[in-house]
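Colleague: Before I use this model I would like to know how its labels were assigned. Please set each value against its cut-off.

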Amino acid sequence: MKAPGAFVDAFQLDRKSAHGTLSGPAGPETHASGTEKPRTWTSKRLMACGLEVGLSIGRGASLVNRAASGRRHARGREKGLGLESLRMSVVTRYAPSPTGALHIGGARTALFNWAFARHAGGTFVLRFEDTDRARSTRESEEDVLEALSWLGLDYDPVPGFAEIPRQSERLDRYRETVETLLRTGAAYRCTCTVEEVEAMREAARAAGRKPSYDGTCRDKGIGAEVDLPFCVRLRVIEGGLTRWEDLIAGNSGEDVSQVDDFVLARTDGTPIYHLAVVVDDHDMGITHVIRGREHMTSTPRQLLLYQALGFAPPQFAHVPLLVEPGGKKLSKRHASVSVQSYRDRGFTPETMLNFIARLGWGHSDLEIFSKEELVKLFSLTGVGRSPSQVHDDKLLWLSQHYIKTLPMGTLFSYARPFLEAEAGGPVPAEPGLERLLDLLRERSKSLAEMARLARFYLTDAIELEPKAARKHLTPRIAQPLQELRDALAALPKWSEEALKQSFHVALERHAVKLAELAQPVRVAIVGGAASPGIFETLELLGRERSLKRIDAAIERIGTDAED
RNA sequence: GUCCCCAUCGUCUAGCCUGGCCCAGGACACCGGCCUUUCACGCCGGCAACGCGGGUUCGAAUCCCGCUGGGGACGCCA
């Protein structure tokens, strides 16, 4: 484990040499590679930095070859690479903005970060990016925390930081960083209004260029004393490095000319996302930024910021988007894809973890794996580069797999809320119920479905499905049914074996097949045409409840016949 | 509009870097059969893909170019 002081040390070191040079790479790569050479930002240096990381990983040469071979086939890249040497150095983070429930895409990003860190024996941290005060809420934070814990993704504390770091609590640090940038000339004050900037964008668009800020205030040298409201922008320098070797996407980036002087701090002095992430990722010692593809185009800006601040950038890995069955981007607002909604539909955490991981990540033909196996097998090279659609088919299959194989204790604890909802009250564990649940495993694709099927046992308030009743509760079966009922009532012992005997007696007397009598009984006692074997179902229900329901069914046949 | 990216069965994917083992493998879904007191489970079998066009090569899903299609980003949001 890293010494508790490591984050703080790196932090202070860099602040002293905040621009242009620095006395050592900021990240933990330093510890891995052991270099302490002064560093300036040139493209050669950056490449060297990548090389160092590659070497520290263990096969620098192959990494360089890959970079040279272009962006395709980033995956075979680190195949067979021993991650031993990565241990102790990896720090990943999941940094959601708490503006809604955790949806499946966010959960996957969190999962990948977590799995990558755990695989490497590293650290996984959580951070709330709540600089957008208007949209961030504590409720959303709770939702995210709850979803993460439900999935079993644990996170580590960061020395020197709050238990769960929030950007809103680090405003001073950002402000101070902006001051530094202003002082060194890496950033400047801009008094253009939002409307003016909008007009510039329009003009650029009209001229067939990428919408951007035109640099009006760039060389005005506006000081702190201006009485107009101002925001702070980064002075994007020619020759700035905006390309990187993405661990998933391969050789990535765009020309600096495509990046405009973007805003670092708002008119009210609060920081913009780019500034906050870069400062935080650096201060927290993040070594690998694994995030959604939608952040891909903002990476060049952040790279530029790293340079302006004299920080060594982390490694980046951009995970392809998750899309709706149609192929469109998964709407974050869509509540139906939140982790909680999957939980409420009756899927177990094991199911979701397995399902989510399989969306975009693969390890040969492996379909079913536990959290532990995922940690053992996970690698970024196993992550694909194209978007995946979220379909329920495989989810349902996986769900049933886990329902079939989970230990009873675990199954019951997961199923309990669903069972109680059907029962309309508390449902304690007892042998009969557990026996029923065992019989229902093969018939349930979700806990909700399982509870529905168990309803006949949980409550006496059952309703007969009209269709099933019409088909099986017919006048011609009334007589055999009544005889069976009386035989059952007279049974000395209510056991599966004895029940079977009674059925056979009735069957022979009336020359009907088992199915012809079993189905009516089934409908009578469970309300529908589907249930576990009729004898075990009767045995489970018990004599009293069974007879009562059969009586009700016979009566029903009578009244129906009169109609 | 401008930049960037992606492209194997309906879906999730293996294979692509290091061309031949791939007339492309697995899984889900679907279809058929078996089992059977219902519903399921299970077992067996089947359908089904390298987007298109050029090149390179003895040989291309794999390498190169173009096209088409799809997506993402272009905020004083994150």
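Colleague: Why does C231 count as buried?

Modeller: C231 has 9% relative accessibility, and buried means under 20% relative accessible area, exposed over 50%, partly exposed in between (1.4 Å probe, protein chains only). C231 therefore counts as buried.

Colleague: What conventions apply to the model as a whole?

Modeller: This is a predicted model, in which local features need pLDDT of at least 70 and side-chain atom pairs count only at pLDDT 80 or more, while totals for chains, interfaces and linings use all residues. Residues are numbered from 1 along each chain as its sequence is written, chains are lettered from A and ligands numbered from 1 in the order in which they are written, and side-chain values use heavy atoms, with hydrogens and water left out.

Colleague: How do you know that C231 is in no disulfide?

Modeller: A disulfide is a pair of cysteine sulfur atoms within 2.5 Å. A search of the whole structure finds zero disulfides. For C231, the nearest cysteine sulfur is that of C190, 4.3 Å away.

Colleague: What makes D392 and R345 a salt bridge?

Modeller: The term requires a side-chain nitrogen of Lys or Arg within 4 Å of a carboxyl oxygen of Asp or Glu. In the pair D392 and R345 the closest N and O atoms are 2.8 Å apart, and the salt bridge is formed. The two residues belong to distant parts of the chain, 47 residues apart: D392 lies in helix α14 (residues 392–405), R345 in the loop between α11 (339–344) and α12 (349–358). D392 has a relative accessible area of 29% and is partly exposed; R345, at 34%, counts as partly exposed as well.

Colleague: Which residue forms a salt bridge with E367?

Modeller: R358 does, the closest N and O atoms being 3.3 Å apart. E367 is partly exposed at 25% relative accessibility, and R358 is partly exposed at 23%.

Colleague: How many salt bridges does a search of the whole structure find?

Modeller: The search finds 40. A network of them links R93, R127, E129, R170, R173, E176, D280, D281 and D283.

Colleague: Why is strand β11 called largely enclosed?

Modeller: Helices (H or I, at least four residues) and strands (E, at least two) are DSSP runs, numbered from the N terminus. Strand β11 covers residues 315–319, and five of the five are buried, so the rest of the structure largely encloses this strand. Q315, A317 and V319 point one way, F316 and H318 the other way. In a regular strand the side chains alternate between the two faces of the sheet.

Colleague: How do you know that β10 and β11 pair?

Modeller: Two strands pair if DSSP finds at least two bridges between them. Five bridges join β10 (residues 288–292) to β11, and the two run parallel. In one of these, H288 has Q315 as its bridge partner.

Colleague: What makes helix α22 largely enclosed?

Modeller: Seven of its eight residues, 534–541, are buried, so α22 is largely enclosed by the rest of the structure. The buried residues are I534, F535, E536, T537, L538, L540 and L541. Just after α22, G542 takes a positive phi of about 95°.
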